[in-house]
Amino acid sequence: MRRLLAAAVAACLLALPVHASDSAMSEAVLLRAVLRHGPWPQPVLADPSNRAAEHPAAIALGQRLFLDPRLSRDGTLSCAACHVPNGSFADGRARGVGRAPLLRNTPSVWNVGLQRWFGWDGAQDTLWAQSVRPILAVDELGADAAHVARVMRDDAELACLHRKAFGAPRDDQATLVAAAKALAAFQATLVSGRTPFDEYRDALARSDAAAAARYPEAARRGLAIFVGRGNCSVCHFGAAFTNGEFHDVGVPFFAGRGQVDTGRYDGIRRLQASPYNLLGTHSDDASGKAATRTRHVELTQRTFGQFKTPSLRNAALTAPYMHNGSLATLRDVVRHYSELDPQRVHSHGEAALLQPLKLADREIDDLVAFLESLTDPNARAPLAAPRACRTL
Amino acid sequence: MRRLLAAAALAAAALAPVSFASACELPADFGARAETLALALAYRPVPAPIVVGKHFAVDVAVCAKAGAPAPVALRVDAQMPEHRHGMNYRAQVKPQGPGRWRAEGLMFHMPGRWQFVFDVESGGRHERLVHDYRLE
């Protein structure tokens with residue numbers, strides 16, 4: 001009886017228009033599909049490979065390093081130059097620009113602590129390994145371990161925080177890894193706030209009709225497509241709106257004349273060759289359990305041209321979109337899935353899942369309204385000042 | 001002909017009723033079961049239930065039915081038949097004693113209908129058993 005009542009209440013609260021092709025999807029199924037996109041916020045995943053992951057001194061050190069252009073070889077670029085804090089930690093460009101133009105769009109680092117793989121190709125298996133990569137990349141910060149160790153040594157505040165979080169510095173390589181682990185500790189704190197969607201989702205969960213009614217109707221209709229015939233939530237799964245894995249969604253992987261971005265395929269190869277992966281000596285996880293994903297990930301032909309499913313939280317603030325920044329607006333993204341040519345999908349399996357949605361203009365508006373409702377209104381608030389070493 | 005035989009074995013494994021006349025006992029707490037004419041198999045995910053995007057292991061027990069040769073090796077995989085793709089991870093199978101194995105490193109990265117695929121070697125032959133698993 002209680003179940004029946006709950007289903008009846010859900011049906012009233014949802015008031016979601018059901019498209020003819022969604023007719024097989026009952027209100028109860030629809031409600032379950034909506035509820036699994038929360039609650040929010042979610043606890044950040046523990047990282048046993050980073051012994052200082054939650055250490056306040058590491059978080060403070062990471063924030064200072066994130067904003068500090070001295071970390072780059074010529075002192076001109078910081079992490080924040082591309083992951084702009086008041087730009088939702090992205091840069092607004094189609095493709096990033098470091099010391100030279102880059103191949104891919106700069107992903108936001110909001111909620112990055114919830115991820116399993118890092119970078120569009122998942123070539124890194126931890127947030128700290130991901131933080132090492134741009135420091136050493138010639139086209140990005142272009143530094144080396146000796147440079148980073150010098151910066152950390154010569155600045156009293158950085159040196160103090162380093163000692164408190166990691167103990168006495170051992171050598172340049174260990175200091176580079178400590179800097180990356182501090183950067184990871186800071187970035188893991190970047191959890192976006194609640195959104196209009198979260199208020200609606202929680203109102204449904206507690207059967208609060210008055211609160212649910214405040215969610216705009218267009219967003220509701222867009223949500224019904226998202227979890228229904230759009231099949232969007234199959235990959236944009238869960239509270240973070242990503243399953244954390246890799247897909248070919250028909251975005252060309254040609255990166256320029258004679259240049260192919262193989263995405264996950266080379267990502268796995270680079271991961272397996274990296275001295276900073278979870279199987280290497282820089283991991284603090286003595287149990288080896290954290291390395292399960294790295295040990296078992298499989299390099300197959302299917303991974304060619306696959307890129308990571310991005311989170312959709314704050315997506316409205318991080319245009320342009322896709323791994324190559326080729327789509328300028330959220331409307332363009334929705335239109336891409338509406339008009340998608342399955343012939344362009346390289347992977348056989350993805351083509352079975354991805355069929356053109358053939359949305360009407362109003363349905364495109366509705367999906368955009370839903371995606372915009374995943375925006376934290378405080379996402380562009382300035383960062384609080386990092387804590388000083390003497391206070392820790 | 002080989003393909004036909006394999007398909008027949010597959011169909012038998014998928015559709016066979018769960019009534020075992022085994023030479024060994026399958027653990028009562030391994031809820032999911034499948035069988036062929038010669039083999040009976042039970043498994044349980046660890047931890048259970050399986051969660052989208054979380055790695056898990058599978059404990060597997062295989063018994064030969066009366067007169068059939070004992071199972072000696074096992075391979076475990078999984079696929080999404082409707083999506084026509086498998087997992088992004090390769091399971092590693094470790095023996096846990098006669099007729100017992102643990103497969104580690106599996107991960108289902110999407111909700112929907114998954115299908116476990118167990119390839120069992122016994123008496124110099126390979127038999128395939130499949131079992132559906134619906135993941136919400």
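What share of the contacts in chain B with a separation of 6 or more comes from residues 24 or more positions apart? Let's begin with that chain, keeping in mind that this is a predicted model.

## Chain B

Residues 24 or more positions apart make up 55% of the contacts in chain B with a separation of 6 or more. Chain B holds one helix and nine strands. Read from the N terminus, the order of its elements is α-β-β-β-β-β-β-β-β-β. Chain B has 136 residues, and 31% of them count as buried.

## Where chain A meets chain B

Turning to the interface, 19 residues of chain A are in contact with 17 residues of chain B. On the chain A side, helix H11 (232–235), helix H13 (292–296) and helix H15 (348–353) are the elements that each give two or more residues. By residue type, the side of chain A that touches chain B divides into seven polar, six nonpolar and six charged residues.

## A closer look at helix H12 of chain A

Helix H12 of chain A covers residues 264–273, and its buried residues are A:Arg264, A:Tyr265, A:Gly267, A:Ile268 and A:Leu271. These buried residues line one face of H12(A), because they fall within an arc of 165 degrees when you look down the helix axis. There is a handy rule to recall here: an α-helix has 3.6 residues a turn, so residues three or four places apart point the same way.

What lies over that face? The cover of the buried residues of H12(A) includes strand E1 (246–247), H13 and strand E4 (307–308) of chain A.

Notes. Residues are numbered from 1 along each chain as its sequence is written. Chains are lettered from A and ligands numbered from 1 in the order in which they are written. This is a predicted model: local features need pLDDT of at least 70, side-chain atom pairs count only at pLDDT 80 or more; totals for chains, interfaces and linings use all residues. Two residues are in contact if their C-beta atoms, placed from the backbone, lie within 7 Å. Helices (H or I, at least four residues) and strands (E, at least two) are DSSP runs, numbered from the N terminus. Ala, Val, Leu, Ile, Met, Phe, Trp, Tyr, Cys and Pro count as nonpolar, Asp, Glu, Lys and Arg as charged, and the others, Gly among them, as polar. A residue is buried if 20 or more other C-beta atoms lie within 10 Å of its own, exposed if 12 or fewer, and partly exposed in between; C-beta atoms are placed from the backbone. The arc is that of the directions from the helix axis to the C-beta atoms.
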